[in-house]
Amino acid sequence: MEVDRKLLEHVAEVARIKLNDGEIKKFLPQLKEILEFFSKLKDINTDNVKPSFQPVELKNAMREDNEGQCLSQDDALSLTEHKKDAYFKGPKAV
Amino acid sequence: MESVHDFIKKVKNGEIDIVEHTYKLIEECKEINKEYNYLNTISEELALNSASEIKIQVKQNKNIKNKKLLGVAVSAKDAICVRDVETTAGSKILQSYRPLFDAFVIQRVKEEGAIIIGKTSQDEFGFGGFSVNVGKGFKIPKNPFDSERSCGGSSGGAAGLTQKLSSHIALGESTGGSIVEPASFCGVYGLCPTYGRVSRYGLIDFSNSMDKIGSMGKTIEDAALLMNVISGYDKKDSTSLNIKNDDYEKYLKKSVKGMKIGIIKEAFGAGVDREAENNVCPGIEELEEEGAKAEEISLELPIKYGIATYYMIAASEASTNLAKFCGMRYGAVEKLEGSFNEYFTKVRSNNFGDEAKRRIMLGTFARMAGYRDAFYLKAMKVRTLMINEYKKAFKKFDALISPTASILPPKFEDIEKLTPLQHYMIDIMTVSPNVAGLPHLNVPVGFEKNLPIGMLLIADHLQEGKLIQLGSAIEKGK
Amino acid sequence: MKRFTSDIVIGLEIHAELDTKTKLFCSCPTKGNEEPNSRTCVTCLGMPGSKPVLNKKAVEFALKLCLALNCEVSPELVFSRKSYFYPDMAKNYQISQYEMPLGKNGSLRLRDSKEIDITRVHMEEDPASLVHPAGLKESAYVLVDYNRSGNQLVEIVTEPDLASPDEARDFMKQLITVLNYLEIFDINEGIIKADANVSIRESDYARVEIKNITGFKEIERALMYEVSRQQDEIRHHKKIEQETRAWDSEKGVTFTLRKKETEEDYGYIIDTDLTAVEITGKLVREIKNEMPELAQDKVRKFVEKHRIKKEDAEIIAAEKELAEMFEKVAEEINPILAAKWLRRELVRVLNYNKKELHEVKIDEKHMIDLLKLVENKKITDNVASKILEKLIEKPFDIKEYVKKERLEAVSDVSELEKYCREAIEENPKAVEDYKKGEKKALNFIVGSVMKKTRGKATPKEVNEIILRLIK
């Protein structure tokens, strides 16, 4: 696996983070070192091993289809200045 | 030292004026904070309101009889939502976020009459072991025994405040060791429960399959008391365990005679600071004197592969959890202009700190098509093997022992020299029990060069009681 | 990959809203207050610290659909996080399903019995709705309403088996019938949306995806436009590029959203805020027992019990409301007569008015009243049809209306004879023509009688009387 500038920039773009030149120079060797070290996971034989997505057995957590309390419109909108006419405002979609 | 039980008695019978006491406590917090930066927010208004209410209740002798935490000061790690109190998880991107709801644990401690005094400092979103990875504009908390040194992390503020503030219990949170490791660096007890034992409702997510809220106290009694209040089923958290509650306090003075403890062979020796080990051995002797039997056990997989497994799971989950922070609905905003891609990128680039960015990169990478099986999925499979290895050990042992930290609390200037990977490696003792969702406890066992040393006790799922039993036996022997 | 043979290749991804009271992962109501952001909570707003809890009813509904579409049902229901950034996303990941959809390898038959393969059926949450104050491209910002955020959706993905826009429309129609029969979809208010991938032989099947087509009537329009656009481009020697387009229903056109260079990488991981749900054999059996009769069951019953023609039964059963109406009407009216009127006249009048049965207020009571009069020859077929046309506009009491408008059939022979005599006298030329052998001339006299009786006589009877009188 080649962790290079191109890959790093691609990953950053997917994550919607813009890295400046200084950050790229700093992060690139760091992430290389980390991923090389983590690659040693491949030494472990996991054939026929089921993944454990949670550390303890959990299943069938569901709720009944009963209505609960909503937030008031004012409360819902209270944590941002980006709002208009009871709508949230967001950046343009294209 | 006055125990919390005695304190509550005095509040109930009016011997302590809780309002006066709270005023003093807040002053004390402010004073401590000047030097040590343990609190991101001091919730003065909330604390004084609660105190006034309790004072009235005490006067009228109403609703106070069974309150388990009446008047007790409780702090919450900044990642735990407290209604109307700024809750940032240590990140600039959440500055000014005042949750519209209380976390389950906050609701519980409020119900039991606790006074919430503030939000403790931490690594941004929990991303670190030294509390130096604080968000942009946040101050780094310092070790209570030496302010040139780290207090551990990521629940660093919680551990330091527990050591420094006269009477107080802390709500900490651990994803990979963030309760026990700072507890060890600050010389306090830190109890991290089984995954699912305490509801995560209202906890700002780091890694959903590993995050656990726990308790930190100056004594094992304090830690057990708080755990009694916060544990239990919560239907609002799908991963909350729907099982009968345990009473942790009943294990406090229980004899450890006949208990079997396994000393993790790989945790002593190569790669571990001799000084960090020193006081752990007398702690083990203490337990043996009390009638416990100690034996060595090899746990190769958790020690050798714990770090890689942990970081892959944690970063993968964290990178999705952090996607929601984009300058809409709450938290940091920028001027609303440009396309959504430009706007989200601006908000996120300007407001996340370096370690948050690194973890987002790592996690996004580990989830990408082509790498997903080799990293994300592989780590989830190794987790299965790790759990199996622990389960095998717990067939023989009631608890496993290692030093909590592989080093003494380091100086800030030395931390700066570490690469991120070296930084991650410091968590070597604590990540694996977290990957496996096992309860674990830090027990302060002494000092080396005037710095506290901690012993790590790990038990099987739902066996928090055994940890308390062993921990209190060591406490008694001191 | 499938080797395509037809001129047009269409595959659909259909999102349908399940008819539950609350959203998929929180207890906010799915209906009610339409004020923006009035039906939200910390979970569907994606507030830090909130957690999802799965709606059990939605799981049961989705399971019913999987079974009705002949899917293999997964032994476990597992949710994943599908990560992508967009202003309608509350968390910038959507809780959806990835590796193990709830159902896979199903099928659904079109009205001409062509079987369409269904790749997968899975559950997921709906994003918020966006308002673009000055149009999608021109607006400087969007307005976001989270009332819809977290709504309970099933996604049905077909194989690219559909060979025309008409088939796509029919597939949607058949799917809605199933949803409706299962009572898991609100046919009046529930939202059904489709994304379609369309390609044509001439472009060597370059795949174009059309996003966001709402309702089954729109699908044919959108696809017809897109197919002819692609054909036109080819005619003008342009290349069809693989891309994603959006359907603008007002302008009736599709337009480019983004040119795809590579498949988007959603970085799926399991959502560990939720637990797996076991889909046990017992649960499947319970769900099966609860399942209402589906269209095929109805057809069988109508043929066996009511002895109507299979062809009629199929048309009636294709719509749940019509089938239910038929069952009730057939209790009081000769089923063959009832079938004839429901499948021919009622359907004709509805089609003429471009309405669906659930959109008008005609109920079984109206049909019983009307057909009783027909059955007892109190009114003629002609009059009954006219009444039906009026009923579509606004329901009223049929018996009263017939009395008030004096629409009872003229069945008194002496009275009819009187009208016939008048008509013969008034049209001597027609009578003469008929006698000369021009058979058509008789129709003219019959028509004249019908006019006099305002349609209240049966043409057959009038015909006989006239013949008798002019012999």
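Two strands are said to pair if DSSP finds at least two bridges between them, and the views below come from a model that is predicted.

**View 1. Strand β11 of chain B and its partners on either hand.**
Strand β11(B), made of residues 399–403, is mostly covered, since five of its five residues are buried. Strand β9 of chain B, residues 260–264, runs parallel to β11(B) and is joined to it by three bridges, and within this pairing I263(B) stands opposite I401(B). Strand β13 of chain B, residues 451–458, runs antiparallel to β11(B), and here the two are joined by four bridges. One place to look for this second pairing is S402(B), whose bridge partner in β13(B) is L456(B).

**View 2. Helix α1 of chain A and its buried face.**
Helix α1 of chain A covers residues 5–14, and its buried residues are V11(A), A12(A) and V14(A). Seen down the axis of α1(A), these buried residues fall within an arc of 160°, so they line one face of the helix. The face turned away from that buried side carries the exposed residues R5(A) and K6(A). The buried residues of α1(A) pack against a helix of another chain, namely α12 of chain B, residues 354–367. Just after α1(A), the residue R16(A) takes a positive phi of about 55°.

**View 3. The packing of helices α9 and α17 in chain B.**
Two packed helices are described by the angle between their axes and the distance between the axes. Helix α9(B), residues 280–289, and helix α17(B), residues 464–477, pack at an angle of about 100°, with their axes 9 Å apart. Because angles of 65 to 115 degrees count as roughly perpendicular, α9(B) is described as roughly perpendicular to α17(B). On the side of α9(B) the contact is made by G283(B), E286(B) and L287(B), while α17(B) brings L470(B), A473(B), I474(B) and G477(B).

**View 4. The side of chain B that touches chain A.**
The contact between these two chains takes 57 residues from chain B and 44 residues from chain A. In chain B, the helices α10 (300–321), α11 (340–351), α12, α13 (373–396) and α15 (420–425) each supply at least two residues of the side that touches chain A. Of these, α13(B) gives the most, with 12 residues.

**View 5. The side of chain C that touches chain A.**
Here the contact takes 42 residues from chain C and 30 residues from chain A. Elements of chain C that each supply at least two residues of this side are β2 (54–55), α1 (56–68), β9 (129–131), β10 (141–145) and β17 (277–278). Strand β10(C) gives the most to the side of chain C that touches chain A, with five residues.

**View 6. The surroundings of S83 in chain C.**
S83(C) is found in strand β5 of chain C, residues 80–83. With 23 C-beta neighbours inside 10 Å, S83(C) counts as buried, because the cut-off for a buried residue is 20 or more. Leaving aside its neighbours within four places in sequence, S83(C) is in contact with N92(C), Y93(C), Y266(C) and G267(C), and also with T320(B) and A323(B) of chain B. By contrast, the C-alpha atom of P36(C), 47 residues apart from S83(C) along the chain, is separated from that of S83(C) by 25 Å.

Methods: Residues numbered from 1 in each chain as written. Chains lettered and ligands numbered in written order. Predicted model: local features only at pLDDT ≥ 70, side-chain atom pairs only at ≥ 80, totals over all residues. Buried ≥ 20, exposed ≤ 12 C-beta atoms within 10 Å, placed from the backbone. Arc of directions from axis to C-beta. Contact = placed C-beta atoms within 7 Å. Axes fitted to C-alpha atoms, helices over the stretch in contact; angles between N-to-C directions. Parallel < 35°, antiparallel > 145°, perpendicular 65-115°, else oblique.
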